[in-house]
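Here are my notes for anyone opening this one for the first time. Have a look at the structure, then read the points beside it.

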Amino acid sequence: METLSSLADGFAIALTWQNLLLALLGCFLGTIMGALPGLGPSNGVAILIPLAFTLGLGATPSLILLTSVYYGAMYGGRISSILLNIPGDEPAMMTCLDGYPMAKNGMAGQALSLSGIASFVGAFFATWGLIFLAPQLVKIALLFGPAEYFALFALAFMTLGGVSSTNQAKSAFAAALGLGLAMIGVDTQTGVPRFTFGEVHLYDGLDFLVAIVGLFALSEVFIFLEHRHGEADGSKSRLNIGRLTPTLSMLKETTPTMARSTVLGFVAGVLPGAGASLGSFISYSFEKRLVDKKKTFGKGDPRGVAAPEAGNNAAAGGALVPMLALGVPGSGTTAVLLAVLLSLNITPGPLLFSQNPDVVWGLIAALFIANFMLLAMNIPMVGLFTRLLMVPPRILMPIVAMVSFVGIYGISGSSFDLLVMIGFGVMGWVLRKLDVPLVPIILGTLLGNSMENNLRRAITIDNGNWFTLIDSPLSIVLWAIAIIGFLLPVFFGRKVKSRMHERGDEEGSITD
Amino acid sequence: MSDRIFGVFGLLLAIGFAFAALAIEESFLSDAVGPKAFPIIIAAVLGLSSIVIALRPDAAPEWPTFARLAEIAAAVVMMILYAELLPEVGFVIATFFAAAYLTWRLGSGLLASLATGLGTSLGIYVIFHLVLGLSLARGPLGF
C-alpha cells in the first residue's frame, strides 16, 4: 500500500502543465527518432540531453522529457520496420519479419495499430513490474558495501556485451577504454592531476555528455557520409495503409501472445546484458515455437507482430529496474539515462528511493502518462509519422549534426569541447567499423570514477588488504555471475547472433 | 588484417597508458591504494584484450574506397573549422555553411543545399534561441 501512496504522490508531481507538455514533446520527438532509420533510442536521448540542461529544467522535468523520448523511440522503431522493412532501431528488427509481409498484404494500418497496442501492453505492465520489483532490489542493494559495489560494477561491464556478443575481447577493450577515459582529470581523493598532459581544459575530466553525443550522434553522420544513404530514397512506393484499427478477433487471438511476451521481455530487460533487442528476439522465437502450428509466422501473422513489440517495450521498462535501484544500467539507452541522472547531480542507487522519492515516483508516474499519450498518439496519428519517414537522410543528418553541436556548445560555450566531440565522432566511426561495441565505452566513462572510489574505499577500510574484495558471500556471488556472464558468449555468442541477424540488415554496433 | 593492426595499436595505447599512470605524482597524503593502482589495472585489461584481438582477428570490415575516406576527412576538417569559427562569425552564418556543406555532400543539388542550410540554421536559431532562450554563439553581427 505504501507503494501505491508513493505512486499517487508521483502523479501529483507529474501532473503539472509543464510536465505534461514535456512528456508530450518527448513522446512525439521519441517516436520520430525511433521511426527514422539510423536514429535509435540511444542517439535520440543523447542528442536531447544537452538541450534539457541548457533549458535549465529541473531534475524531474528533464527526466520526464528524456524517458518519454526513450519510450517513444521504443514505440517508433516499429513504424519503419512495418512500412519499409528497415528496422528503425535494432530492437525493432524482429518486427520486420511479420510486419512487412502484413503491410504487403494490404494490412499495414492494422499491423501498425496492433503493434501500437502490443507496445502499450508491454510497456504498461513492465512499468508495474518496475514499481514492485525495484523496491525489493533496493532492499538487497542496501546490504552492499564498497567491495560489493565494485563487484557489481565489474559484473555490469563483463555482461554488457550481452549473450549475442561475438567477440568478448572487443567488449573488454571497449570497457577498459571507457574506464581509462574516465581517469583523465584531477584525482578526487588525493588531488593530483592524472593523464592531463598539462592541458588545463582536461583538469575537470572529460565531460561524458561530449563523449556520448560524439560517439553516438556524430559517428552516425560519418556512417551516412561513407555510404551516402541519399540513394536509399527510392523506397517510397506508396503503401496502402488500409484499415487503421485491428479487428476484435485479431485482438482476441493476440492477447495471450502479448501476455507471454510481456513477461519474457520484462525478465530479459531486468537481467544484465540482455536488453531490448534480446527481449524482442526471445519473445518472437518463443511464440513461434509455441503457437505457430500452421507455419504462418514470417508470412504476416499478427501474432508475429504483437510478440516482438510487446517484448521489446516490456524490456525497455525492465531495463530501468537495475538502473534506478542499483545505479548500474543494463543496456545502452539506460546508460545514457544514467548520464542524465549523474549530470543532474542525482546518484541513482538504493539511496535514490529514500533521498529523492519525488524524482523516482514522478518519473514512474511520467512513464504511465507517456504510455497513454503514446497509445493515443500512435493510433490516429500514425499517418503523420509515416509521412515524416519520407524526410531523406541528406536533410536529416545535417540537422542531427548541427543540433549536437548546439547542445554541446550550449553547455560549456567552449570550442574545445566541440573539438573533443569531433574526436569522439571519428573514434566512434572507426570503432563501429571494427565492430567494437560503443556502449561499454560510455558506461566506462560514466562509472569509472565511482568504480575506482568504491575500490579504494573498500581496500582502505580493510587497511590495504586486496582480498577484502572477495571476502563476503555476496561479492563472491556477484563475481561468479560476472565471470559466467563473460564466458558464456564466448561459447554461445556466435550462435545467438547469427540467429538474430538471419534477416534484417546490421544496424551498427549501437544496440537498443 | 584490420584487427591485427587494431590490436597492436591497442597494445601500444595500453603501454602508453601504463607509463602515464606510473608517472602520476603521488601526493604525500594518500589512501592505501593511491591514484596509480586502478589505472594500472585498466592498462592491463586494455593490453590483454588487445593481444587477444590481434591474435584472433575477426573478418576484416569493408573499408570505404579512398574517395569515401577523403569525403569523411573533408567533413571532419569542415567540422573543426566550424568549431573554431563559431565564436568568431556567429551561430547563424557558421551553421548555414556547415549544414549546406553536409547536405551537399550527402547528395543534394547546389541550390537545394543552400536552401537546406539556410532552413536548418534559421530553424535552429528560431526554435532554440528565440523560443527556448538558449544562448548560441554571438557573432559580430549579433546573431
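The points below go from confidence to the chain contact and then to helix packing.

1. First, the ground rules. This is a predicted model, where local features need pLDDT of at least 70, side-chain atom pairs count only at pLDDT 80 or more, and totals for chains, interfaces and linings use all residues. Residues are numbered from 1 along each chain as its sequence is written, while chains are lettered from A and ligands numbered from 1 in the order in which they are written.

2. For single residues we have pLDDT, the predictor's confidence in each residue, from 0 to 100. Chain A averages 81, with 90% of the residues scoring at least 70. Chain B has a mean of 86, and 98% of its residues reach 70 or more.

3. Now chain A by element. Helices here are DSSP runs (H or I, at least four residues), as are strands (E, at least two), numbered from the N terminus. Confidence in chain A is lowest in helix H15(A), residues 382-388, at a mean of 74, and highest in H17(A), at 91. Residues 229-236 of chain A have pLDDT below 50, and beyond near neighbours in sequence this stretch has ten contacts in the model. Residues 503-512 of chain A also stay under 50, with 35 contacts beyond four places in sequence. Where pLDDT is low, the predicted coordinates should not be read in detail.

4. In chain B, the lowest confidence is in helix H5(B), residues 110-131, at a mean of 86, and the highest is in helix H2(B), residues 37-55, at 92. Chain B is divided into domain 1 (2-55) and domain 2 (66-131), with bounds that come from an automatic or database domain assignment. The C-alpha centres of these two domains lie 38 Å apart.

5. Where do the chains touch? 53 residues of chain A are in contact with 57 residues of chain B (in contact means C-beta atoms, placed from the backbone, within 7 Å). On the chain A side, H7 (168-183), H8 (208-227), H16 (393-412), H17 (415-433) and H18 each supply at least two residues. H16(A) gives the most, with 13 residues. By class, that side of chain A has 31 nonpolar, twelve polar and ten charged residues (Ala, Val, Leu, Ile, Met, Phe, Trp, Tyr, Cys and Pro count as nonpolar, Asp, Glu, Lys and Arg as charged, and the others, Gly among them, as polar).

6. Next, a helix pair inside chain A. The axes of H6(A) (146-160) and H18(A) (439-461) come within 8 Å and cross at roughly 155° (axes are lines fitted to C-alpha atoms, for helices over the stretch in contact, and angles run from 0 to 180 degrees between N-to-C directions). H6(A) and H18(A) are therefore roughly antiparallel (under 35 degrees is roughly parallel, over 145 roughly antiparallel, 65 to 115 roughly perpendicular and the rest oblique). The residues that meet include Phe150(A) and Phe153(A) from H6(A), and Leu447(A) and Met451(A) from H18(A). This contact has 16 nonpolar, one polar and one charged residues.

7. H5(A) (93-141) and H9(A) (248-270) pack at about 45°, with their axes 9 Å apart, so they are oblique to each other. Among the residues making the contact are Gly122(A) and Gly129(A) of H5(A), plus Gly265(A) and Gly269(A) of H9(A). The contact divides into ten nonpolar, eight polar and no charged residues.

8. Lastly, chain B. The axes of H1(B) (2-22) and H2(B) come within 8 Å and cross at roughly 165°, so H1(B) and H2(B) are roughly antiparallel. Their contact has 16 nonpolar, four polar and two charged residues.

Definitions and conventions
Contact = placed C-beta atoms within 7 Å.
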